[in-house]
Amino acid sequence: MEEGAVACSPCLRLRTGCVPDPDRRGGMQWITAAHRDPFGPATWQITFAGTTPVELLGDVHSELLDLYLEDRHSDKDHLFESQTSAQEAYVPLLARGWRHTVKTDGTQIFLAPDTLGGVQHQYDRTLSSRLAPSWRAWGGQPDEPHWSVQFSPSTPTTLVAAFTASLLSIEPVERTVKDIPFFTRHHVSIAAATTAKPPKPFTPVATPPLRPTMSRTR
């Protein structure tokens with residue numbers, strides 16, 4: 001997708017695109033937003049820093065597509081009425097040894113064992129700004145992260161759970177040396193190359209209409 005371009009779902013309820021980051025000169029960020037009213041403000045929004053690992057974006061958007069398709073073929077509204085509890089997003093972190101801290105401002109923080117990543121959850125909305133993100137995650141040092149993600153209030157917890165599951169994945173990823181921040185290189189493990197899996201067939205949301213055939217008139 002070109003810089004500044006935005007893609008929309010056919011019903012205009014979902015929008016995602018790469019736009020300039022107002023907080024970083026020359027930086028970009030990915031924004032995915034859902035609109036209950038196609039022409040109104042976003043009901044919820046996920047903001048990914050431009051440096052966020054592509055695997056995290058891919059897994060969240062794959063789950064988002066599943067929710068969107070399920071809503072189209074049922075009377076459910078998973079995009080705006082999440083049935084997933086917050087525990088499903090953070091219990092896997094605890095199971096993998098992430099440190100857990102609860103603060104008096106209504107937030108809880110989960111810190112990776114190597115301290116190079118974290119997830120913050122605003123579990124008590126009465127103690128925070130209405131616009132403060134419900135979930136926030138980062139990679140790198142907390143005060144100067146290499147990447148960060150914010151989930152606004154009302155974001156389906158299913159998407160947050162997909163994000164944390166992706167964050168915990170131990171599946172090897174491809175990186176060049178220049179792609180890895182210097183201060184994290186001593187944490188890198190080298191995995192043997194494996195045969196790439198064939199891509200899954202893509203099923204279009206809607207079948208495009210057939211074009212009219214050319215005919216000669218008398």
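A salt bridge is taken here as a side-chain nitrogen of Lys or Arg lying within 4 Å of a carboxyl oxygen of Asp or Glu. The model is a predicted one, in which local features need pLDDT of at least 70 and side-chain atom pairs count only at pLDDT 80 or more, while totals for chains, interfaces and linings use all residues. Residues are numbered from 1 along each chain as its sequence is written, and side-chain values use heavy atoms, with hydrogens and water left out.

A search of the whole structure returns two salt bridges. In one of them, R13 is joined to D77, with the closest N and O atoms 3.6 Å apart. R13 sits in the loop between β1 (6-8) and β2 (14-20) and D77 in the loop between α1 (54-72) and α2 (87-95), so the pair ties together parts that are 64 residues apart in sequence. Helices (H or I, at least four residues) and strands (E, at least two) are DSSP runs, numbered from the N terminus. D77 also meets R36 through their side chains, in a salt bridge of 3.5 Å from N to O. This pair again links distant parts of the chain, since R36 belongs to the loop between β3 (28-34) and β4 (44-49), 41 residues from D77.

D77 counts as buried because its relative accessibility is 17%. R13 is partly exposed, at 22%, and R36 is partly exposed as well, at 42%. The loop between β3 and β4 also holds P38, which counts as partly exposed at 21% relative accessibility. The C-alpha atoms of P38 and R13 are separated by 5.1 Å, although the two residues are 25 residues apart along the chain.

Attention now turns to the aromatic rings. A pair of aromatic rings is described by the distance of the centres and the angle of the planes. Rings of Phe, Tyr and Trp (its six-membered ring) pair if their centres lie within 6.5 Å; planes under 30 degrees apart count as stacked, over 60 as edge-to-face and the rest as tilted. The structure holds three aromatic pairs. One of them, W147 with F163, is edge-to-face, at 6.3 Å centre to centre and 75 degrees between the planes. It links distant parts of the chain, with W147 in strand β9 (residues 144-151) and F163 in helix α3 (residues 157-168), 16 residues apart. Both W147 and F163 are buried. The rings of F151 and F163 have centres 5.6 Å apart and planes at 70 degrees, so this pair is edge-to-face too. F151 lies in strand β9, 12 residues from F163 in helix α3, and both residues are buried.

T107 is buried, as its relative accessible area is 2%. Its side chain makes a polar contact with the side chain of D105 at 2.7 Å. Such a contact is a pair of N or O atoms within 3.5 Å; within protein, one must be able to donate a hydrogen and the other to accept it, and residues adjacent in sequence count only if both atoms are side-chain atoms. Leaving aside residues up to four places away in sequence, T107 touches T101, V102, Q120, H121, Q122 and Y123, where contact means heavy atoms within 4.5 Å.

How values were computed. Buried < 20%, exposed > 50% of the residue type's maximum accessible area, 1.4 Å probe, protein only.
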